[in-house]
Amino acid sequence: MTFNFSRPTWLSSLLLFTLGVTCTLSVDAQTAESRPLAIVMDRPAKAWVETLPLGNGRIGIMPDGGIARETVVLNEISLWSGAPQDADNPAAYESLDKIRQLLFEGKNDEAQDLMYSTFVCKGAGSGLGSGKDVPYGSYQMLGLLNIDYTYAGRPDTAAYSHYQRKLQMDNALSECGFQLGEVNYHREYLTSFSDDVAIIRLTANKGRHISFKLTFDRPERMAVSVEENDLVMQGAMNNGSGGDGMHYMARATIVSKGGKRIAGEQMVGIENADEALIYLSMTTDYKNPRHTFTNRSLLVKAIKSGYSRSLLSHERQFGAWFNRATLDLGRNIEREGLTTNRRLTEFAKSGNDNGLIELYFQYGRYLLICSTRPGLLPPNLQGLWANTLQTPWNGDYHMNINLQMNLWPAEVTNLSELHSPLIELTKSLVEPGRKSAKAFYNANGWVTHILTNIWGYTSPGEHPSWGATNTAGAWMCQHLWEHYLFTNDTAYLRSVYPVLKESALFFSEMLVKEPQHGWLVTAPTTSPENSFILPNGKTAAICMGSTMDNQLVREQFGYVAEAARILNTDSDFALKLQQLSAQLPPHQIGKYGQLQEWLDDYQEAEPQHRHVSQLYGLHPGNQITPEGTPELAQAARVTLDRRGDGGTGWSRAWKVNHWARLADGNRAYKLLSQLLVPVATDGYDYGPQAGGTYPNLFCAHPPFQIDGNFGGCAGIAEMLLQSHAGYIELLPALPDAWATGSFSGFKVRGNGVVDASWENKSLKQVKLTAQSHSLFRFKFPVGAKTVLVNGKPISLPSKGDMLEAELNKDDILELNW
Ligand code: FUC
């Protein structure tokens with residue numbers, strides 16, 4: 001079979017090789033005219049966190065670029081062990097009154113002890129984060145594809161030169177090139193957005209030089225066979241009760257130009273081909289009982305369309321997402337010539353690489369586009385990339401910050417549709433969550449606790465100290481509401497209103513009056529995942545009315561009432577929510593001037609704890625703003641100072657957003673620099689010195705956890721554009737390091753797309769395009785020279801220092817200074 005090949009913008013090095021130029025070629029040869037949105041390495045990966053991730057929202061590959069053997073880690077977003085289970089303890093609510101009574105009496109330690117025996121899930125829960133063989137299950141690596149190469153003349157494979165490996169972010173293509181002996185080899189990798197298979201293309205600048213064998217590998221639960229020309233691996237996961245659970249299949253086939261096919265019982269290969277394409281299809285039977293049929297037909301279809309066409313439509317479909325937003329903060333061309341790991345090191349030493357910030361921002365968007373897809377699942381703790389069977393924390397959905405952080409870039413960076421898998425996951429929790437609400441709180445409505453999986457887990461975790469948080473559902477609902485705020489889509493709001501309403505119904509029934517002030521509080525609960533010291537010297541995590549819970553419930557009662565008003569329904573329920581809301585605990589300022597984390601001003605057991613749950617109301621919520629609540633904003637600053645500027649990767653990313661909301665650009669930039677600190681370790685580390693960034697720009701908790709990538713990406717946007725406080729503000733937290741720059745395609749609440757440019761920290765131009773009819777309010781610096789709507793000068797009504805513009809769909813508002 002032959003195929004056409006149109007060369008994409010590829011490594012300058014290989015072009016030079018082809019032309020016979022023998023200069024020493026390093027990454028520096030990537031010249032400056034183009035803006036290289038790429039991660040670049042100059043050797044094969046020695047660790048998984050040096051490999052470059054490709055994904056199309058469903059399947060993912062991470063090739064290591066090896067010379068003699070290349071190992072490609074394979075993923076499929078739905079591949080989970082475990083199974084649906086009933087983990088609700090039906091008698092749990094019988095101990096609820098007792099637990100609450102102990103909390104009312106200030107005996108939190110006793111309440112917590114009692115919960116261990118009465119108020120946790122039934123069974124093993126998440127298996128303490130190692131749940132692959134219990135019913136909770138784990139997200140798992142699908143397996144490994146090994147490519148064992150043979151090179152003509154058997155050169156020493158360690159003697160390669162001119163090596164370069166890169167991931168080009170703007171077309172979702174990875175490439176690798178090197179010289180061995182006299183021959184230049186080139187590989188391209190993609191996980192096709194159009195064909196839904198992975199493709200690896202292998203070429204050399206001399207004919208008949210492509211020879212390799214393919215094998216699959218997996219530590220367990222796999223059988224490999226050769227079917228016609230395809231290498232097939234299949235198996236079933238452990239369902240957690242000793243039986244077979246989810247089935248999976250991977251199928252690889254080689255299409256070559258020239259060469260001789262070889263095959264063994266568990267191997268296929270090619271010898272002396274001019275070029276070769278490896279097509280790889282991966283499926284599971286999650287919601288697709290006919291997956292083996294799908295698996296093969298995807299492969300057949302992709303091969304039929306031919307590589308050039310596949311590549312073009314892949315780039316077109318990926319680009320339709322990626323190209324919606326741009327960022328330019330200026331660049332340091334010298335640094336762009338370095339490998340990405342060196343670039344990180346240099347940045348840690350002296351900053352001064354705004355191109356790296358742009359790269360990190362766009363990488364966040366890239367990772368989101370590649371790890372979720374409408375109709376499938378949201379990105380898990382590792383997006384869709386895992387290289388083990390027991391993924392850390394089961395690679396699940398933690399809902400006390402982590403899953404939500406994954407979606408923070410979705411709206412503001414113009415990838416709104418990618419919010420839908422999280423929205424669908426939330427909807428799917430309503431039914432099991434109703435049962436959990438009855439079992440644990442004897443309440444109507446639905447609840448979910450801190451963790452969930454793809455099997456609808458809504459019970460508390462196995463340890464109340466972290467597993468008892470019951471406002472995770474409210475936090476998920478905040479995303480459903482935010483999606484409405486950004487899209488103005490009333491039909492969508494109507495479709496999710498029952499989910500929001502039933503969550504609020506749950507809280508309206510489970511809140512109890514605490515005796516000291518008569519406030520309505522959640523109980524029992526936690527402030528994730530911190531603990532405090534009781535007057536008796538003991539430490540506890542279980543409390544009532546944690547500040548985060550109060551904020552989440554107050555916010556939810558507010559937007560459910562507002563949604564009811566918009567949809568012209570449930571006015572009595574809305575009124576009731578407003579009345580309840582007035583009885584929730586107010587924010588309190590503690591002895592250090594900090595925003596109090598608990599109802600009582602307890603001493604934190606760990607003052608620098610990674611979670612900053614009590615600042616939910618500052619970000620992602622909007623109850624605390626420097627303008628609206630200056631005293632609380634000041635208390636939030638004190639809280640952040642007490643917590644410090646370190647922490648795990650995601651913790652640093654969250655604090656970027658917090659400081660952005662506090663309008664402190666330089667501090668936000670400092671936290672961003674903390675997030676970009678190079679990290680080599682890969683063990684679990686929770687400490688204040690822990691987090692940072694791996695060579696492939698994956699966020700290090702450590703271990704790898706993707707939330708920090710997404711939180712950092714969203715934080716960069718939050719520094720440049722905000723719309724959470726009822727108005728749009730440009731450059732609210734611009735650091736000195738970003739004095740001149742521009743962005744385009746960012747989104748604001750009200751469904752507007754914003755482009756802006758600035759010089760010497762002063763706005764030059766702002767353009768807002770309304771995507772639906774909407775009233776936009778702006779807080780702008782005074783003195784705009786021209787204000788135009790659809791090109792015509794106008795004077796807009798202004799209220800105080802706010803400018804108001806009611807725009808129709810496609811209207812363009814432009815301001816120039
Ligand atoms: C929460 C965090 C941990 C980790 C885990 C996946 O429990 O406290 O740091 O991110 O989720």
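1. Asn272 belongs to strand β15, which covers residues 267-273, and in this predicted model the residue has a positive phi of about 55° although it is not a glycine. With a relative accessible area of 32%, Asn272 falls between the cut-offs of 20% and 50% and is therefore classed as partly exposed.

2. Arg154 also has a positive phi without being a glycine, in this case near 45°. Arg154 is placed in the loop that runs between β5 (143-150) and β6 (161-168), and because its relative accessibility is 67%, over the 50% cut-off, it counts as exposed.

3. How do the axes of helix α14 and helix α15 cross? The axes of α14 (residues 472-487) and α15 (residues 490-510) come within 10 Å and cross at roughly 155°; this angle is over 145 degrees, so the two helices are roughly antiparallel to each other. The crossing in which α14 passes α15 is left-handed. On the α14 side the contact is made by residues including Cys477, Leu480, Trp481 and Tyr484, while those of α15 include Tyr492, Leu493, Val496 and Phe507. Sorted by class, this contact of α14 with α15 has 11 nonpolar and four polar residues, and no charged ones.

4. Strand β29 (residues 741-748) runs antiparallel to β30 (residues 752-759), and six bridges join them, with Phe746 standing opposite Val754 in β30. Their hairpin has three residues between the strands, and Gly750 in this hairpin takes a positive phi near 100°. Strand β30 is in turn joined by eight bridges to β31 (residues 762-770), again in the antiparallel sense, and here Ala756 stands opposite Val766 in β31. The hairpin of β30 and β31 has two residues between its strands, and Asn760 in the turn has a positive phi of about 45°.

5. Is Phe778 buried or exposed? Phe778 is part of strand β32 (residues 774-779), and at 1% relative accessibility, which is under the 20% cut-off, it counts as buried. Leaving aside residues up to four places away in sequence, Phe778 touches Ile728, Leu768, Asp801, Met802, Leu803, Ala805 and Leu813. Leu575, by contrast, lies 203 residues from Phe778 along the chain, and the C-alpha atoms of these two are separated by 30 Å.

6. A last point concerns the open sheet of three strands, which has the order β23-β22-β24 and antiparallel pairing. Its edge strands are β23 (539-540) and β24 (603-604), each of which pairs on one side only. Strand β22 (residues 532-533) and β23 pair over two bridges, in the antiparallel sense, and Phe532 has Ala540 in β23 as its bridge partner.

Notes:
Residues numbered from 1 in each chain as written. Predicted model: local features only at pLDDT ≥ 70, side-chain atom pairs only at ≥ 80, totals over all residues. Heavy atoms only, no water. Pairing = 2+ DSSP bridges. Helix = DSSP H or I, 4+ residues; strand = E, 2+ residues; numbered from the N terminus. Buried < 20%, exposed > 50% of the residue type's maximum accessible area, 1.4 Å probe, protein only. Contact = heavy atoms within 4.5 Å. Axes fitted to C-alpha atoms, helices over the stretch in contact; angles between N-to-C directions. Parallel < 35°, antiparallel > 145°, perpendicular 65-115°, else oblique. Left-handed = near helix turned anticlockwise from the far one by under 90°. Nonpolar A, V, L, I, M, F, W, Y, C, P; charged D, E, K, R; others polar.
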